[in-house]
Amino acid sequence: MIPRRTKIVATLGPASSSPEVLEKMIVAGLDVARLNFSHGSPDEHRARAELVREIAARHGRFVALLGDLQGPKIRIAKFTDKRIELKEGDQFRFSVTHPRDAGNQEVVGIDYPDLVKDCGIGDELLLDDGRVVMRVDNATADELHCTVLIGGQLSDNKGINRRGGGLTAPALTNKDKADIKLAADLELDYLAVSFPRDAADMDLARRLRDEAGSDAWLIAKIERAEAVADDEALDGLIRASDGVMVARGDLGVEVGDAELVGIQKKIILHARRHNKVVITATQMMESMIHSPMPTRAEVSDVANAVLDYTDAVMLSAESAAGEYPIEAIKAMARVCCGAEKHPTSTKSGHRLGQQFERCDESAALAAMYTANHFPGVKAIIALTESGYTPLIMSRIRSSVPIFAFSPHRETQARVALFRGVQTIPFDPAALPAEKVSQMAVEELLKRNIVQPGDWVILTKGDSYHDSTGGTNTMKILRVGDQ
Ligand code: G6P
Ligand code: MG
């Protein structure tokens with residue numbers, strides 16, 4: 001069997017918290033478990049995190065844990081009767097002073113004091129991911145007066161966006177700050193930051209992460225119109241992050257669905273050029289919330305993201321609250337493998353004509369160039385401290401598997417998100433220096449990944465002790481010749 005290269009992130013929730021279901025999800029191919037801090041208690045997240053690690057260890061699998069901060073999603077308050085029904089042409093008001101639990105047919109409270117300041121006459125407001133649309137006609141000091149353009153049901157605490165973006169809520173709330181501490185406590189491998197506007201928001205998240213004592217890699221969720229307004233804004237956010245997520249739910253609301261597919265391709269391309277990891281998310285298998293089979297359109301959407309060369313595709317409600325979490329992972333795995341057979345998944349023009357900035361980057365990319373052009377090469381071994389060397393390698397399209405050899409638990413889990421990378425626990429510092437290459441190749445032989453006569457590429461640095469960034473050597477080895 002050819003192992004799948006594209007990774008699967010699945011959100012855990014009530015549908016996927018029992019040991020039985022979780023075990024089947026891990027066996028079916030779950031690579032990264034997402035804990036969504038918008039729902040559930042710290043104790044529930046802790047229980048899920050422990051369960052994932054325990055089951056993965058039992059099966060010899062390496063599953064990373066990603067915490068997803070709620071962020072400043074702006075929401076309306078509550079209605080006296082839970083929900084109202086709005087018709088096109090209705091007049092409706094948002095008020096920062098109206099009682100928070102007493103919305104009615106004319107007005108609802110909102111917990112975001114700057115709403116009036118941030119909105120101008122003529123702006124369009126999108127509620128509940130765009131299901132209800134209103135136009136701002138007028139504003140007083142504490143209220144927006146609107147006309148309903150697209151009617152529908154509006155219920156308690158639904159989200160609110162502005163078409164074109166620009167609502168200026170700061171990216172990290174007090175709840176997010178508490179959840180960053182929880183992430184540190186649970187030793188999560190990744191932390192996703194919701195609604196960052198720019199690099200400064202990511203810098204703040206990084207500072208809070210450091211203060212909390214976490215070494216989780218930071219994922220910027222790209223979901224505001226201003227984050228994709230131009231290349232400078234997008235690249236600034238990418239550079240300030242360890243990876244990004246194409247967060248298509250809110251992004252689609254802000255930029256409009258027609259722009260989304262082009263923006264997805266651009267985000268993935270830019271992330272890879274900056275040596276960053278990228279997840280494609282939201283509604284990928286949406287119909288599988290209630291159906292054991294994806295639609296053809298969903299199959300095409302997952303396959304398209306694979307062809308765009310995303311690192312991972314993600315399940316949200318499908319695995320958190322759906323009826324078929326295990327089938328959803330199996331369907332994703334199957335579709336990824338199919339799409340990876342397409343020739344564009346293995347041919348690379350990555351960064352041709354561009355300069356590299358670092359020695360380890362140059363060695364890692366040279367290894368990939370060799371692997372893609374020398375037909376006997378069956379595997380690449382990257383000795384790595386932090387996962388950085390295999391990360392650079394996996395930015396390039398290839399069909400040759402990359403093996404991250406590392407003694408560290410954090411690194412073994414982290415690389416579960418990188419496309420085409422698998423991990424093998426290995427501690428070169430514990431071996432005689434002259435035996436390291438040979439022992440590394442033997443690990444692959446033992447697992448039947450290579451046979452005598454195959455070629456293997458190995459990268460390393462001069463020192464085997466805590467030398468992240470030290471990769472400066474690439475060896476081409478023939479299995480059996482050592
Ligand atoms: C291992 C190797 C070193 C190498 C390092 C690279 O520790 O033994 O020789 O320098 O990995 O680590 P990095 O985090 O940069 O991938
Ligand atoms: Mg979102």
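At what angle do the axes of helix α6 and helix α8 cross? The axes of α6 (residues 231-239) and α8 (residues 257-273) cross at roughly 50° and come within 10 Å; axes are lines fitted to C-alpha atoms over the stretch in contact, with angles from 0 to 180 degrees between N-to-C directions. That makes α6 oblique to α8, because angles under 35 degrees count as roughly parallel, over 145 as roughly antiparallel, 65 to 115 as roughly perpendicular and the rest as oblique. Leu 234, Asp 235 and Ile 238 in α6 meet Ile 267, His 270 and Ala 271 in α8, contact meaning C-beta atoms, placed from the backbone, within 7 Å.

A word on what you are looking at: this is a predicted model, where local features need pLDDT of at least 70, side-chain atom pairs count only at pLDDT 80 or more, and totals for chains, interfaces and linings use all residues. Residues are numbered from 1 along each chain as its sequence is written, while chains are lettered from A and ligands numbered from 1 in the order in which they are written.

Now to the strands. Helices (H or I, at least four residues) and strands (E, at least two) are DSSP runs numbered from the N terminus, and two strands pair if DSSP finds at least two bridges between them. Strand β7 (residues 124-127) runs antiparallel to β8 (residues 132-139), joined by four bridges, with Leu 126 partnering Val 133. Four residues separate β7 and β8 in their hairpin, and Asp 128 in the turn has a positive phi of about 50°. β7 is also joined to antiparallel β11 (residues 160-162) by three bridges, and here Leu 127 stands opposite Ile 160.

Notes:
Two residues are in contact if their C-beta atoms, placed from the backbone, lie within 7 Å.
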